[in-house]
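This report describes one protein chain in plain terms. Look at the sequence and the model first, then read on.

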Amino acid sequence: VARVTRTKGVRQLRLTEMISARRVAGCSKCDEKAACCMDFHHTNPLEKRFAVSEAVTRCVSLATLKKELDKCVVLCRNCHAKQHDVVAGAGVEPTL
C-alpha cells in the first residue's frame with residue numbers, strides 16, 4: 001500500500017507540473033501573465049473528456065492529460081468568461 005501511495009503521489013506531482021508549465025505562458029488573448037488567473041478553455045466542447053482541473057484528483061495518466069491539454073487554449077479568467085458569453089442573440093460561442 002505504501003508503494004502505491006508513493007507512486008500516486010509522484011504521478012500527481014508530475015500532473016501538477018505539466019499543468020503549471022502550460023499556465024506560465026499566460027493568456028492567449030490578452031497580456032495577463034499571472035499563473036493563478038489562468039484557465040484551460042476547450043476549443044471544441046464536444047471533444048472535452050474532463051476538466052483539466054480534475055486531472056490531479058482523478059490521477060489520470062500523463063498521456064491522457066497531454067491529450068486533453070492539446071484540446072485547450074490558456075485564457076485568463078476574464079477572457080474565459082467572455083469566451084463563454086453568448087454572442088448577442090446568436091446562441092453560439094465566439095471563436096478564438
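## Terms and model

Helices (H or I, at least four residues) and strands (E, at least two) are DSSP runs, numbered from the N terminus. The model is a predicted one, in which local features need pLDDT of at least 70 and side-chain atom pairs count only at pLDDT 80 or more, while totals for chains, interfaces and linings use all residues. Residues are numbered from 1 along each chain as its sequence is written, and side-chain values use heavy atoms, with hydrogens and water left out.

## The chain as a whole

The chain has 4 helices and 2 strands, and their order along the sequence is α-β-α-α-β-α. Of its 96 residues, 27% count as buried (under 20% relative accessible area, with exposed over 50% and partly exposed in between; 1.4 Å probe, protein chains only).

A contact means heavy atoms within 4.5 Å. Among contacts with a separation of 6 or more, 64% are between residues 24 or more positions apart.

## Helix H3 and Glu68

Helix H3 covers residues 62–69, and its buried residues are Leu65, Glu68 and Leu69. These residues lie on the same side of H3, because they cover an arc of only 100° around the axis (the arc is that of the directions from the helix axis to the C-beta atoms). An α-helix has 3.6 residues a turn, so residues three or four places apart point the same way.

Glu68 has a relative accessible area of 1%. Apart from neighbours within four places in sequence, Glu68 is in contact with His42, Glu47, Lys48, Arg49, Phe50 and Val52.

## Cys59

Cys59 sits in the loop between helix H2 (55–58) and H3. Its phi is near 55°, a positive value in a residue other than glycine. Cys59 counts as buried, at 15% relative accessibility.

## The largest pocket

On a 1 Å grid over the protein atoms alone, a pocket is an open set of points where a 1.4 Å probe fits, with protein on both sides within 12 Å along at least five of seven lines; lining residues have an atom within 4 Å of a point. The largest pocket is lined by 15 residues, and Phe40, His42, Lys48, Ala51 and His80 lie nearest its centre.

Which elements give two or more residues to this lining? They are strand S1 (38–42) and helix H4 (77–84). S1 gives the largest share, 5 residues.
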